[in-house]
Amino acid sequence: MIDIAAPLVAADDTRLREQGEELVRYLRLPQHHAATLRRMLADYAYRLSFGVEEQLGVREALLALLRQVFEHIDAISPDNPWLRQQMQALVQAASPPLSQRRLEDLQARLKDVIVKQAEAREQTVRAQEVMRQTLATFLERLAQTAASTGQYHAKFEACAQQLERATSLADMAPVVQEAIQTARAFAADTQRVADELTDLRDRAQRAEAEVQRLRQELDQMAELVTHDLLTGVLNRKGLAAALDRESRRAERTGTRVCIALLDVDDFKRLNDTLGHLAGDAALKHLADVARRSLRPQDTIGRYGGEEFIIVLPDTTPEDAADVVRRLQRDLSAHLFLQGEQRVLITFSAGVTELLRDEPVEAAIARADAAMYRAKRAGKNRVMVG
């Protein structure tokens, strides 16, 4: 026990480490004096309690710092609603109680956000650089055009003055020839500049279209990540990863994994009565209650529409059904508020065990069938299949 505790809490406490080593040496002696052993154990336990308390404080401070980063990082990109929504979801994911599974999930989500945001930012920077270069070239061409126009204007003015001084056709002929050549050169330069400006305009329009496309891609990027944008729980991609992770863990440890398929009762009627925005808020309410009600090792995801799947590791089907029933009770105790109206949200659920070497789709189909039996039996029920 001392060998396990020391690395966890005694890394920065020299006195605690020395007391632990001294206690271990004493315990390895062939004979012990009871009073001395009690005193040494009491001293070590007293010192250890301070180490544990300090580690808890460090953990809480790190979590608070992490939440603060998540809450304020969207200030870096105030015009990026996708990033802001993902950061809000990360704040919820980093809230206690934490477990190794939730930390793994948080790490995967944060990595997903970082990768996608970096890709989009790099592409946006490239597009903006093209627009910057295009604008700089455009201004340079305008300046050149102005200077060139001034030069041609001076030449035409000189020709006009020579014509005024001419007294015969012989004097006028070379002046007229110079004016014609100047006009042709001016027309050629004007056409060249017009062609360049047209090309620059086309490049600027393409760059602007690329920036707009990237903005739309950022808005739609929630489809590429592992969490549902509306509710903050896992989406189908995230559920597939969680099911694969838990099935592999169960195979290594010889434990069992169950899944529960939830379907909100009378969801269409709720949408028709209160509106689709209220329906979205009701789904988010269910997800929020589920995060508080479920065990730390459980994982919930939105399977589609008003359907959710809960992954319950290290659990028998009977115990899994009890967990889901507790969620039903918690949902009944926390009514959904829509304006001044209190609305009871219920769901029917089917629970089944994920068998070894079984396709996940087969287990989901079995849970789905059990869920429909719960619907036919009167709704707001849990059936095991």
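**A pocket and a sheet**

Hi everyone! Let's start with the second largest pocket, which holds about 310 Å³ of space. This is a predicted model, where local features need pLDDT of at least 70 and side-chain atom pairs pLDDT 80 or more, while totals for chains, interfaces and linings use all residues. Residues are numbered from 1 along each chain as its sequence is written, and side-chain values use heavy atoms, without hydrogens and water.

A pocket here is an open set of points on a 1 Å grid over the protein atoms alone, where a 1.4 Å probe fits, with protein on both sides within 12 Å along at least five of seven lines; lining residues have an atom within 4 Å of a point. The volume is the space filled by probe spheres set on the points, joined across faces, edges and corners.

So who lines the pocket? There are 16 residues, and Ser247, Leu354, Leu355, Arg356 and Asp357 lie nearest the centre. Helix H7 (residues 236-253) gives the largest share, six residues. Helices are DSSP runs of H or I with at least four residues, strands runs of E with at least two, numbered from the N terminus.

Now the sheet. It is open, with five strands in the order E2-E3-E1-E6-E7 and mixed pairing. Strands E2 (299-304) and E7 (382-384) are the edges, each pairing on one side only. Two strands pair if DSSP finds at least two bridges between them. Strands E1 (residues 257-264) and E3 (residues 307-313) pair in the antiparallel sense over seven bridges. In E3, isoleucine 309 is the bridge partner of leucine 261.
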